[in-house]
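Have the model open as you read.

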Amino acid sequence: MSRARITILACLLAALPPAARADIRFTASVDTDSIPRDGVVHFTLTLQAPEQSLPNPTLPDLGAFEVFSSGRAQNVSYVDGRVTTSIAYNYALVPRGPGNYTIGEAKVTIDGKEYTTQPIAIVVTKEGAGSVTQQQRQQPPPETPDREKPGGKREGIFITTSLDKDTALVNEPVTFIFRFYRAQRLLSSPEYNRPEFPGFWVEELSPQRRYRRTIDGVEYDVTELRTMLFPTDAGVKTIEPARLKIAIPNRSRGSALDPFGRDIFGLIGGEDRVLQSDPLSLIVLAPPARGRPENWSGLVGRFRMKSSVSAREVAVGDPITVTVTIEGEGNIKSIARPQFDSIPDFRTFSAGTSETVSKEGYRIGGMKSFEEVFVPQRAGVYALPVFSLCYYDLNSQRYATLTSDTITVTVTGASTDFSLPSLRLQPDELSDLAADVRFLKTDGTDLRTVAGPGLFGPAFWAGHLVPLCGLLAFVGWRRRILRDQANPASRRRRLAYRSALQRLRNGESARVSTADVASALEQFFSDRYNCAARGLRRNDMRDLLAKDRVPESTLNEYMDLLDWCDRSRYVPADSDGAPSELITRAISLLAEFEQSR
Amino acid sequence: MIRPTINPRRAGHWTIAAWALASIGLLSESAHAQTPEVIFDAAVSAYQRGRFDSAAVGFLSLARAGIDDARVWYNLGNSHFKAGRIGSALVAYRRGLRLHPRDADLQANLRYVSLFAVDKIEPVGVFFLEEWWRAVADRISFSEARTLAALAMWCAVLLTVGRLWPGPRPRVALWLVIAGWGLWLSATGAAASRYARDVQRRDGVIVVARADVRSGPGDSYALQFTAHDGLSGTIQRTDSAWHFVLFPNGLKGWIAAADFELI
């Protein structure tokens, strides 16, 4: 290898590493720098370098923590032809006790150079209760009649599901309670998959509750979630199991007999586990048929009604808005519009609804308002109709009817005539209601009978076919004119017979000589074959006619007739001109020519 | 007074109309030979006295006897509306508009009565050109469009002949020819559009308080939804006494023919 090549290679080798080293990053991070004594710190080491194969970093001293591996994530990217590899090493650090600790420098050596991370300070407080702070911790709820069904074995961590009742009516609120008990640490946030609840109208209740409960001498942290269910139909309903996915330390793995349970540093990994509850059953009954009014709206719960009116004194035509509000506990969204009787002399329509759903105290309640607009048409004092709504009352266990107060209004001004059914309109259409249909047309003279023929009547043909035919005829004529202008010989040939015939027929009435007959015959030939009439020789004529496949007899007769005319020129003329037989013979001959075309 | 020419073949209808009016007290039984004007005036009188059902019978008998006049349909619509029949009123107004599409009274009453339809549905949007074309085509009746098409044809033919006539040809002549044929094409299209809508009669309105829309042509099929008086739709096909109707919001279903009156 020449010296020059060695120099170039040395320069390249000297130049590349600094550029590569400039892209190497090695960092450490934690998700929190302060945790309770039973909390977990998630520690991540990230190494990024422009190489595909990276060495393993060296962990710092983590003696103050139990260390669990949470796995690693690797990402290789190609940008502008350059390879960049990024590896994230994840760990869950469980403190061994309260105090102030420092996670030291992690190290990695690449191409002979050592890279280190910054130290991270961690404060572990004396406070416990997992990640629940004092503000979040709540008192355990009083013992409820629900019967919990634990999911899985009670190994320091389990879930339960329950309903607050075993039997319910259709549309009666039922509370589904999910509880998560744990007496050990989790390495990640649990993932809750609630049942689908087919056959129920579902409302989530919040917030979730956290408290402590002691069972069999073991103190558990309990997380409780509640869901309100409204059965939509009767029958025995089965609620599918709830599931909770968790990650917990697995100290049983990583033994000498289980080499696959440890990561590259020999650290123990976490274990994903799915907890599952048992299915639940709920008997849903239809409200009793006995005593059920026909106008029962299907509503079940505890409700009351109140009403208000926008004005008690109005002029004719001015709208009066009555607001009916139903509030209480139950499925607010399913409250139907209250019924009311129609009232004469008023136009009525629905202006809108609004609802407010409350979940306070883990109970579904709230209010729903309906606005009805009454437009008076006559002056007087009126009692507006009473609104009513039938529902099944859970307090009294029987059907009840809510009714609004009687509202009396005074209408002043002149009355107007109307007779309309009730209707439902948008608010922006209110102004149109003040009007009425335009009045009758009273002039009944000259009434029109049913129209005549339909689409293809005489008018259609007169209007379309006649001009169209005329246009086609004109276009045909125009094309012929243009063709004749472009080709005069063709025109002469086409008109040869007609022109000659005209000359000869004129001869029948006027005095023409045999020379004129000969001239007509020669002109016919000239026109037909587009040649000059003067100077035609008989032999040439005979050749042309033979080439044109004129019958021999016709050809001979034509030539004989021309010869006879020539001879007649030198015979002393009688004053009578050409004999009519000659003209007739010439016309007959031309007709034969024309037929031979 | 100019009396309308009555088709002799419809003479029987006049008798039936007169009997119908006599039965509800609009005409005396001796007035069987009354003219359409008399029946018209009697129905108007009944309307003015607040006897809207009787007025509706009178105007309807005129229509069934062969009178196809926008005034009859207009008054019939008013009578139906005052009697509380929203759908039937809409049918009558739209039949009147078929004859006089630009009649301001018919348009106003149709718009007003439409407010009382129970089902207020959002129509499916159409391509803007189609919407524009419908608006244009709705401004003229079928007979007007047909006459306009014939005149446009004559105009286009004469302009074309002028353009082809031997002699000097101004450049504007070509544009006049194109405009003439364009006018003919538009008028013919409008006529075809009105023919499809008016003569073939595919549009209709629900004329009962509640009409069940089912998944098949029969009462045994599942109920899809319930439509109400005044909701319009377009028939897509018919099976015995049931129509398969497309509603403006895109919903489709089978509806009993008796509940759906064609326009």
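Axes here are lines fitted to C-alpha atoms, for helices over the stretch in contact, and angles run from 0 to 180 degrees between N-to-C directions. Helices are DSSP runs (H or I, at least four residues), numbered from the N terminus. Keep in mind that this is a predicted model: local features need pLDDT of at least 70, side-chain atom pairs count only at pLDDT 80 or more, and totals for chains, interfaces and linings use all residues. Residues are numbered from 1 along each chain as its sequence is written, while chains are lettered from A and ligands numbered from 1 in the order in which they are written.

| Pair | Angle | Axis distance |
|---|---|---|
| α2(B) (36-48) and α4(B) (70-82) | about 30 degrees | 11 Å |
| α4(B) and α5(B) (86-99) | about 165 degrees | 8 Å |

So α2(B) runs roughly parallel (under 35 degrees) to α4(B), and α4(B) is roughly antiparallel (over 145 degrees) to α5(B).

Who touches whom? Counting contacts as C-beta atoms, placed from the backbone, within 7 Å, Ala43(B), Val44(B) and Tyr47(B) of α2(B) meet Asn75(B), Asn78(B) and Ser79(B) of α4(B).

Over in chain A, helix α3(A) (458-486) has 29 residues, so at 1.5 Å a residue α3(A) should span 42 Å, and its end C-alpha atoms are 41 Å apart, which agrees. (The expected span is 1.5 Å times one less than the number of residues.)

Technical notes. Helix = DSSP H or I, 4+ residues; strand = E, 2+ residues; numbered from the N terminus. Parallel < 35°, antiparallel > 145°, perpendicular 65-115°, else oblique. Contact = placed C-beta atoms within 7 Å.
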